[in-house]
Amino acid sequence: MASPSWQVSIVCGGSAGAGFLFTDRHVLTCAHVVWQEERAEVRTPGLPGRGPFPARVVARGGWAGSVRDAGDWAVLELAGPVPVRPARFARLDAPYAFPAPRLLAHGFPEDYEEGVISELRCSARDLTGNEWTQLEAWQGHGTAVAAGFSGAAVSLAEDGGVVGIVSSMDPVRMVSAHVLARSWPPLAEHVPTAGHLPAEKRALAALLARVPDGTADPDALFRQAVGPLGLAPPDGGFGSPWEAAWHLLAESAPTAGALPLADFAVRLAAACDEGPAPDPELGRGLRRWAREHRARFGGAGAAGGADRPLPGPGGAEPAWSPVLVEINRSGEGRGALLVEVYAYRDGSRRLVDSATVTGERQLREWVLDRIDDAFGDLDDRGRALVAFALPRNWLHKPVDQWVRRKGIEPPLGCVSPVVVMDRVRRSNPRLQWTLRRMWDALDGRDTSPVHRIRCGDTPRPDRLSVQLQDVYGPVGFARPPDPARTATEPHGAALNAPSPIVLWPHTGCAGPPCAGGCRGEGFLDALADWLAHLAPGELPGHLLKLRKEAFVHDDEDAPHWAAGLTLIWEDPRRFPPVAPPDLSPLN
C-alpha cells in the first residue's frame with residue numbers, strides 16, 4: 001500500500017521535520033520545526049515530481065523553546081491547493097481503545113527523503129502536563145522515533161485516521177488531536193465530535209474568537225450550563241470560553257433532552273451584552289447559534305409530528321408548553337436581580353436568556369421581551385403556560401398585570417395563563433417529591449374544592465403546615481400576605497406544607513384581621529363557586545379566561561372579585577430539572 005500523500009516533510013531555515021495536510025492547503029506540524037521563522041518549504045514524497053511548495057506560518061502555539069513547553073504546534077498555509085486528499089482525523093477515543101491499536105508515525109530523518117515509519121502505541125490514557133500523550137514502541141524493536149519525526153502525524157494503522165502529532169523523541173510524546181483543537185479552535189471542525197456538525201463548530205469557534213478577554217468566567221458558565229449532575233470540568237478549570245466549549249464538544253454528546261452547549265452560548269451572550277466591552281451584535285450571534293443548534297434536536301421548526309397532539313393528564317387536553325421566568329437577588333448590588341428565562345420542550349429546559357437587571361421597570365420590559373422570544377422554542381402542539389419562580393417576599397407582585405405600554409397593550413395575564421411558584425420550595429428536593437406525589441393524586445379529579453383560610457384565622461405556622469399536609473387541593477386566603485412577613489404568616493405555612501395550589505387576592509381587608517363578613521369572605525365565596533367544577537390541572541387555562549373577564553369589567557363601584565387574583569400552581573412534573581449531558585466514549 002502506498003504511503004498517504006498527505007504526509008509531508010518540512011524544511012525551514014536549518015531545521016527539518018514532518019507534518020501533514022489536514023486541508024488541501026494547510027499543514028500541521030510542530031512549532032519547534034518552524035521556530036522563529038515565518039516561511040517554510042513543504043515537500044510531498046507521496047507526489048513524485050511535485051513541489052516543493054512554499055508555505056507561510058499562519059498560526060502557532062505558545063511554545064517558548066524548551067522541550068517541556070506546551071503549545072508545540074504550528075499551522076502552515078500553502079500558496080495554493082495541493083491535489084491530495086487531506087488527512088482524516090480519527091475519533092478522539094480511538095488511540096486509547098483496548099486492546100491498544102497499532103499507531104504509525106512517518107518521519108524524515110537525515111538522508112531519508114522518502115521517510116521511514118515507526119510503529120507505536122499509547123502508554124497511557126492520561127495526559128502529562130495537561131498537554132502530552134506518552135507513546136512507546138509497538139514492539140521492543142523496529143525503527144525508533146528520531147530527529148526528523150517532529151510534527152509527524154500519528155495515525156491508526158488500521159484506517160489511517162490521525163490522532164495527533166509527534167512532539168518529542170525521548171520520551172516519545174504526542175500532542176493529541178484533542179489538545180490541538182483545544183489550543184487552536186479552527187481545527188475543531190476537522191476533528192470528529194459526537195453529535196456536532198463541522199459547520200456549527202466552525203461558526204461557534206468564529207463567534208468565541210470575538211469574545212474579549214475578561215468578558216465572563218468560563219468556569220462559572222460551564223457549571224451553570226451542565227447543572228449539578230453534569231459533566232465535570234478538568235482540574236484547573238478553563239483558560240477561555242473556547243476551552244470550556246471544546247470540553248463540551250469533545251466530552252459529551254448532545255441529545256434532545258440535554259443541550260448544555262446551547263445554554264453555554266446563551267449565558268455567554270448575556271455576558272457579551274453586559275461585559276466590560278458590550279457587544280450586542282456578538283450576543284445576538286451567539287443566541288442565533290444556540291437556536292440553530294437546538295433546532296437540530298427537535299427545536300422550533302423541526303419537522304415531524306406537528307399534527308400529533310401532546311398528551312395531557314388523562315389524555316383529555318394537550319399538555320402545557322411552559323415558559324419559566326426565574327427571578328432572584330443577584331448579590332451584585334442593591335436592587336440587582338438575576339433573571340433567567342427558560343422554554344420547556346420535549347421534557348427539557350432550554351435557556352432563552354439571562355441577565356442581571358436593576359429596577360422593576362427595566363425588569364418588566366426585559367422579561368416581557370424574553371417571554372416573547374421563548375415562544376419560538378415552544379412546541380406548538382402544547383398550550384402555553386408562563387410561570388414565575390419568585391423569592392418568597394415577591395410572591396405578592398402582580399406579574400400577571402405586567403405590560404410594556406399601559407392602556408395600549410393587554411397585560412401578560414390576559415394573553416397567556418400566568419402562575420407563580422415559590423423559589424424556596426423549588427430548591428427543596430423533599431418538597432418537590434411531595435408535590436409530585438400530590439399531583440399524581442390530583443390528576444384524576446375534575447373538581448377543586450377550596451380549603452378556606454379566613455381573614456381572622458391566625459394559627460401558628462407550624463401547626464397550619466401540618467394540617468395542610470392532608471389537603472390535596474387549593475388553599476384560599478381571604479387576604480394577601482405581608483411581603484415582609486410571608487415566611488411567618490399562614491401563607492408561608494401553606495407553601496411549606498407544601499400546598500400545590502394556593503390563591504389569594506391582591507388586595508383585601510385593610511387593617512388588622514377581622515372576624516368575618518368582610519371583603520375577604522366574599523372573595524372566598526366567589527373563589528369556591530369558581531373552583532367547584534374545575535380540574536386542578538386545568539386551572540391555569542381557566543384563570544386566563546377569568547382574568548380577561550375581570551380586565552374588561554367596567555363597574556368601578558363593584559370591582560370584579562378576581563381582579564388581582566394570585567395563583568400559586570406548582571406541578572414539578574411540568575418543570576423537570578436539567579438533564580445531564582450524555583458522556584462521549586472519551587469519558
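Reader: What share of the contacts in the chain with a separation of 6 or more comes from residues 24 or more positions apart?

Author: Such residues account for 67% of those contacts, where contact means heavy atoms within 4.5 Å. Keep in mind that this is a predicted model, where local features need pLDDT of at least 70 and side-chain atom pairs count only at pLDDT 80 or more, while totals for chains, interfaces and linings use all residues. Residues are numbered from 1 along each chain as its sequence is written, and side-chain values use heavy atoms, with hydrogens and water left out.

Reader: How does the radius of gyration of the chain stand against that of a compact globule?

Author: The chain has 31 Å, whereas a compact globule of 587 residues would be near 25 Å. The radius is taken over C-alpha atoms, and the globule rule is 2.2 Å times the number of residues to the power 0.38. The C-alpha trace spans about 105 × 45 × 45 Å along its principal axes.

Reader: What makes strands E7, E8, E9, E12, E11 and E10 a barrel?

Author: The six strands close in the order E7-E8-E9-E12-E11-E10, with antiparallel pairing. From one strand to the next, the twist averages 45° (axes are lines fitted to C-alpha atoms, for helices over the stretch in contact; angles run from 0 to 180 degrees between N-to-C directions). Strands are DSSP runs of E with at least two residues, helices are runs of H or I with at least four, and both are numbered from the N terminus.

Reader: How do you know that E9 and E12 pair?

Author: Two strands pair if DSSP finds at least two bridges between them. E9 and E12 have two bridges, in the antiparallel sense, so they pair by that definition. Gln134 stands opposite Arg173 in E12. On another side of the story, five bridges join E11 (residues 162–169) to E12, and E11 and E12 form a hairpin with two residues between them.

Reader: Why is E12 called largely enclosed?

Author: Five of the five residues of E12 (residues 172–176) are buried, so the rest of the structure largely encloses the strand. Buried means under 20% relative accessible area, exposed over 50%, and partly exposed in between, using a 1.4 Å probe and protein chains only. Val172, Met174 and Ser176 point one way, Arg173 and Val175 the other way, and all are buried.

Reader: And what makes the buried residues of helix H10 line one face?

Author: In H10 (residues 461–468), the buried ones are Leu464, Ser465 and Leu468. Seen down the helix axis, they fall within an arc of 105°, so they line one face; the arc is that of the directions from the axis to the C-beta atoms. Arg463 and Val466, on the other side of H10, are exposed. Cover for the buried residues includes strand E19 (451–453), strand E20 (474–477) and helix H11 (490–496).

Reader: Why does Gln36 count as exposed, and why does Asn130 count as partly exposed?

Author: Gln36 has 63% relative accessibility, so it counts as exposed. Asn130 has 44%, so it counts as partly exposed. Gln36 has a positive phi near 60°, and Asn130 has one of about 55°; neither is a glycine. Asn130 is found in the loop between E8 and E9.

Reader: Where are there cis peptide bonds?

Author: One joins Phe98 and Pro99, with omega about -5°. Another joins Ala497 and Pro498, with omega also about -5°. Most peptide bonds are trans.
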